[in-house]
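Me: I would like to go through some of the terms used for this structure. Please give the cut-off behind each one.

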Amino acid sequence: MSEATEAARQDFTPNYRQPDLVMVRGEGVWVFDEQGRRYLDAIAGIAVSALGHCDKGLQQAVHDQVDRLWHMSNLFYTRPSMDLAALLTRHTFAQRVFFCNSGAEANEALMKAARRAQHDLGTGRFEIIAAERSFHGRTFATVTATGQPKYHVGFEPMLPGIDHVPYGDLDAMRDRLTHQTAAILVEPIQGEGGVITPPDGYLKGLRELADQSGAFLLFDEVQTGVGRTGTLLAAEFEGVVPDGCSLAKGLGGGLPIGAFLAGPALADCLVPGTHASTFGGNPVCARAAIEVIERLVRDGLLEQIRSTSAYLESKLRDLIEAHPVAVGLRGRGFLRGLELTSADPELPARARAHGLLIGMVDANQVVRIAPPLTITEVEIDDLCDRLRLSLEA
Ligand code: PLP
């Protein structure tokens, strides 16, 4: 343990287990530590650094905005927040958007809007039905919606009016819906829960159930959205349109911004005084998000992701063929889970020794691979070589 990281360990609350490294610089898919060692970043700050580190276009956009205006809150329109709202409404199902700072906050807005809209309709519906193994954040409402009891321990009681059913199981959802259900909330692919892709037709089935029962359909696209799975929103893959969805992570390309996207049913319920966020719509973060979205939809990054992520998939399947420890592949696009035969909590440390940053989910039995969306085929070869060496060591 270096002196610097030892001191930091005393200064930080102990809710993370940072390794004995200090990161100082990033460039594309690479990050460099204080010792000058470089690492291929296959986790991208947990599916955040969409354009890689220090992307030139993003740098330019942010510098330009830093020279103009930093903060006005949602109290005033600024050009970046207006242009970002226009981009999101043009390229998604959203009729209106609300900006905030993080995934949890976007989900708070999503759930509050659903309850508020039911209130305005006079239905008396308040319950939110989420999925087991889901992850929606760490605030009280979002951790309650998170269907993983380990995240609740010691923080009980959880909030009332939020319940869970097994993910991917339409019958279980149908059985659980009542005249009190305000909304269904799911991730189109569960990220933290283990990179779990639901059966084909699940999202469509949820849409039908929501329509039949009078509940709203909410998608948490904090991890799957913004091109991560090959479409701007992951739900587009099944052609399903929710009533509302949340974005964050990749949206700002590394700067903190979240968004609640509201379809027609939720577009008008957050009237003045009902909801707010001091930092929401920050023009510097919004300017970064414009750059990310424009690269995806205008400059062909979405098409590039579909082809490079197919290449990643083929390389990971080769790795599974060649390596007895790797047994299965989950997810889609650049949100991938490589299943191992058994839990391997030491794998991230071995990977770092081979110059690779990865994450682990599903009780350390699944490697989460979520690189920058700009990663090239040559870099994917490098990633897979380093991963193979890490599995062997
Ligand atoms: N929703 C999903 C699907 C996530 O994966 C996460 C974070 O990993 C969150 C919400 C919470 O986002 P944040 O950490 O920005 O609050």
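Reply: Start with helix H9 (residues 283-297) and helix H10 (residues 301-322), which pack at an angle of about 65 degrees with their axes 5 Å apart. The model is predicted, so local features need pLDDT of at least 70 and side-chain atom pairs pLDDT 80 or more, while totals for chains, interfaces and linings use all residues. Residues are numbered from 1 along each chain as its sequence is written, and side-chain values use heavy atoms, without hydrogens and water.

Me: Why is H9 called roughly perpendicular to H10?

Reply: Angles of 65 to 115 degrees count as roughly perpendicular, under 35 as roughly parallel, over 145 as roughly antiparallel and the rest as oblique. The angle here is about 65 degrees, so H9 is roughly perpendicular to H10.

Me: Which residues make the contact?

Reply: Contact means heavy atoms within 4.5 Å. H9 contributes Arg 295, Leu 296 and Val 297, and H10 contributes Leu 301, Leu 302 and Ile 305.

Me: What makes Cys 100 count as buried?

Reply: Buried means under 20% relative accessible area, exposed over 50%, and partly exposed in between (1.4 Å probe, protein chains only). Cys 100 has 1% relative accessibility, so it counts as buried. Cys 384, with a relative accessible area of 4%, is buried too.

Key: Axes are lines fitted to C-alpha atoms, for helices over the stretch in contact, and angles run from 0 to 180 degrees between N-to-C directions. Helices (H or I, at least four residues) and strands (E, at least two) are DSSP runs, numbered from the N terminus.
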